[in-house]
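Let's take a walk through this protein together. Have the sequence and the 3D view ready, and follow along as we go.

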Amino acid sequence: TVGDPSGGQCTASSSALEELARNRFLQKKFLVRCSIPTPEFRLARNHRELVVAHQALGFPGILKLEFADGDQIGPWVVRDFHDVPPVLRETRGLPLLWERLIEAARVFRLHATRDADGSVRITPEAPAPALGYAATIGESLGIVGAYSLVLLQIGDRLLVDEIVLNP
């Protein structure tokens, strides 16, 4: 399930949807389990994990809060070690997600609607894989209604950066 980051399933219980909507780390793990491309990432809940994340992904990177809440701060681009301490001061020990920086040609939000019969419509028009990603996410999460994906386009390649369940 989504609540178990080590699980191998591309499904989620309805009770896990609220947690998935807020937790970027669980979203990324879910996308990986569903074989949907997303930027490489590591969880950094403390200084040791931050060092491990940097060693795994290197600079430049993006630091984001693990939990998406209403009073959102960030994300922060970190190009070298000097960029990290100001982020740590601003986030005051909140858990972070370190992502590999992707120089995307286009970043956009894809709005999806999934009907009870499983059919999915998306706007705006997007490259071919987008509909498949939206359909896989909607079906796996059992969504009937509206949701959004934040996509990064690099040439003809798309990566899902975020799932927004309450668009």
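**A buried threonine, a sheet and a helix**

In this predicted model, T38 has a relative accessible area of 13%, and since anything under 20% counts as buried, T38 is buried. Where does T38 sit? You'll find T38 in the loop between α2 (24-33) and β1 (41-44). Leaving aside residues up to four places away in sequence, T38 touches K28, L31 and V32, along with L159, V160 and D161.

Now look at Q27, which belongs to helix α2. Is Q27 buried or exposed? With a relative accessibility of 3%, Q27 is buried as well. A polar atom of the Q27 side chain lies 2.8 Å from the backbone nitrogen of I163. Again not counting residues up to four places away in sequence, Q27 touches L20, A21, E162 and I163.

Next up is a sheet. Strands of a sheet pair through backbone hydrogen bonds, and they can do so in a parallel or antiparallel way. Here, four strands form an open sheet in the order β6-β5-β7-β8, and the pairing is antiparallel. The edges belong to β6 (120-123) and β8 (157-164): each has a single partner strand, so one side of each has no neighbour in the sheet. On average, neighbouring strands of this sheet are turned by 30° against each other, ignoring direction.

Zoom in on β5 (residues 106-114) and β7 (residues 145-154), which pair over nine bridges. One example is L110, whose bridge partner in β7 is L149. Finally, helix α5 (residues 129-141) packs on the sheet and touches β5, β6, β7 and β8. The direction of α5 makes about 140° with that of β7.

Conventions:
Residues are numbered from 1 along each chain as its sequence is written. This is a predicted model: local features need pLDDT of at least 70, side-chain atom pairs count only at pLDDT 80 or more; totals for chains, interfaces and linings use all residues. Side-chain values use heavy atoms; hydrogens and water are left out. Helices (H or I, at least four residues) and strands (E, at least two) are DSSP runs, numbered from the N terminus. Buried means under 20% relative accessible area, exposed over 50%, partly exposed in between (1.4 Å probe, protein chains only). Contact means heavy atoms within 4.5 Å. Two strands pair if DSSP finds at least two bridges between them. Axes are lines fitted to C-alpha atoms, for helices over the stretch in contact, and angles run from 0 to 180 degrees between N-to-C directions. A polar contact is a pair of N or O atoms within 3.5 Å; within protein, one must be able to donate a hydrogen and the other to accept it, and residues adjacent in sequence count only if both atoms are side-chain atoms.
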